[in-house]
Amino acid sequence: MGKRRDPVASNADRSTDLYEIADWEVRSRLDRFAHWLYHTGIWALRGMVILIALVILILQIAFGSLGALGVQPLFAGLAALSAVPALLLAVYIWRADVTSPEPLTLLVGTFLLGVLFAGFAGILNVVIGDRVQAIGSGFGLFEPAGLFFFFFLVVGPVEESVKLLAVRLYPYRDDRFDAVIDGAVYGAAAGLGFATIENALYIVQNTEAVDGTIQAINAGSDIAAVRALAGPGHVIYSAFAGYYLGLAKFNPDDAGPIILKGLLIATLIHATYNTLSGPVTVVLSGVYGISQFTAFLGFVVVYDALFGLLLLRKLNAYRRAYEQAHQVTDSSPDEIEQIEFEP
């Protein structure tokens, strides 16, 4: 669907001046002021969102659990190590981009925004989650059902939305975001940032009550190993959502539904993982008599492999279409005709 035009603009001669009749451009001082005021307001709003996220992170470091990272540098090291699998997956997605390589500045900036915006998710999960659980209790829902609604109506939508916000606020508006597949790359970067700070929080929160350095190291190592398995999931979820954000950028007439579809896919994969990981681990360990960690490892590997392959299938479909399009562009007219009509 093309750009809609007023009937006057559609039928008028191109030489006719339709300024403020059926067309508009920056001409007068008031036009320039309105143009400047609008874009300044947009930039100020973005800056305010980032500033609030930065304040939340600072408060978490100064008064919350993250402050332990400075006191116990070992925990920071464990958090960094736990993010390595997610980093490797994000690099793989970056390498799968068949178009021009994405600049490091945009990738790092998106990663940092993923770290910052995790604070929004933490607050919203608590505030909205408490209300959902209260409503569930009012309807007499038992705990598994309450967790189901919590994961699908709160955790999944909130966390995937804030990760996508990191992409939307920074790289999306840059001219170097010039292909649909770039959305998956930047979505993966945002997911990596989110997973890194989430891993740090889990490690600190599960070790701050442990007495003794050796015991804390052991506990931190255990939770770091678990988070190392969970981290790649965030990269996969947000890469899906980011891909559809990229698709929306180049299909502006249907941008809203496309973005919503990407968020729904990411939310469903994310929430299903959260819902199944605990029960499946318990069942596998109980039926096969293996440790819970081994059962969890098996579940995560299978689950992430399934949706990771679906993501790679989508990226490979884009790559094939890209290569075919360039093959046609680089071919002579006779070769193009042969490509188009060859049985």
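1. Salt bridges. Six salt bridges are counted in this structure, which is a predicted model. One of them joins Arg27 to Asp17, with 3.0 Å between the closest N and O atoms. Both residues lie in the loop between helix H1 (7–11) and H2, so the pair ties together parts that are 10 residues apart in sequence. Arg27 is partly exposed, at 36% relative accessible area, and Asp17 is also partly exposed, at 47%. Glu25 belongs here too: Asp17, Glu25 and Arg27 are linked in a network of salt bridges.

2. Glu160 pairs with Lys163, the closest N and O atoms being 2.9 Å apart. The two residues are three apart in helix H7 (residues 143–169), which means that about one helical turn separates them. In the Arg27 case, by contrast, the arginine counts as partly exposed because its relative accessible area is 36%, between the 20% and 50% limits.

3. Asp174 and Arg176. The side chains of these two residues meet in a salt bridge with an N to O distance of 2.9 Å. Asp174 counts as buried because its relative accessibility is 19%, and the limit for that class is under 20%. Arg176, at 39% relative accessibility, counts as partly exposed.

4. Charges over rings. Arg46 lies over the face of Trp43, at 4.6 Å from the ring centre.

5. Aromatic pairs. A search of the whole structure gives 13 aromatic pairs. One of these is formed by Phe148 and Phe149, with an edge-to-face arrangement, 5.6 Å centre to centre and 85 degrees between the planes. Phe148 is partly exposed, at 39% relative accessibility, and Phe149 is partly exposed as well, at 35%. Tyr273 and Tyr303 form a tilted pair, with 5.7 Å between the centres and 55 degrees between the planes. This pair links distant parts of the chain, since Tyr273 is in helix H10 (residues 255–288) and Tyr303 in helix H11, 30 residues apart. Both tyrosines are buried: Tyr273 has a relative accessible area of 8%, and Tyr303 has one of 7%.

6. Phe299 is part of helix H11 (residues 292–329) and counts as buried, at 9% relative accessibility. Leaving aside residues up to four places away in sequence, Phe299 touches Tyr273, Leu276, Ser277 and Val280. Tyr273, one of these contacts, is in helix H10. For Ser277, which is 22 residues from Phe299 along the chain, the separation of the two C-alpha atoms is 7.0 Å.

7. A nonpolar surface patch. Met48, Leu51, Ile52, Leu54, Val55, Ile58, Leu59 and Phe63 form a nonpolar patch on the surface. Together they have about 770 Å² of accessible area. Met48, one of the members, is found in helix H2 (residues 29–63). Its relative accessibility is 45%, so Met48 counts as partly exposed.

8. The chain as a whole. The chain contains 12 helices and zero strands, and its pattern along the sequence is α-α-α-α-α-α-α-α-α-α-α-α. Buried residues account for 39% of the 343 residues. Of the contacts between residues at least 6 apart in sequence, 77% join residues at least 24 apart. The accessible surface comes to about 19400 Å², and 65% of that area belongs to carbon and sulfur atoms.

Terms used: Residues numbered from 1 in each chain as written. Predicted model: local features only at pLDDT ≥ 70, side-chain atom pairs only at ≥ 80, totals over all residues. Heavy atoms only, no water. Helix = DSSP H or I, 4+ residues; strand = E, 2+ residues; numbered from the N terminus. Buried < 20%, exposed > 50% of the residue type's maximum accessible area, 1.4 Å probe, protein only. Contact = heavy atoms within 4.5 Å. Patch = residues over 30% accessible without salt bridge, like charges linked within 9 Å, V, L, I, M, F, W, Y side chains within 5 Å. Areas by Shrake-Rupley, 256 points an atom, 1.4 Å probe, with all protein chains shown as cover. Salt bridge = Lys/Arg side-chain N within 4 Å of Asp/Glu carboxyl O. Phe/Tyr/Trp six-rings, centres within 6.5 Å; stacked < 30°, edge-to-face > 60°. Lys NZ or Arg CZ within 6 Å of the ring centre and 35° of its normal.
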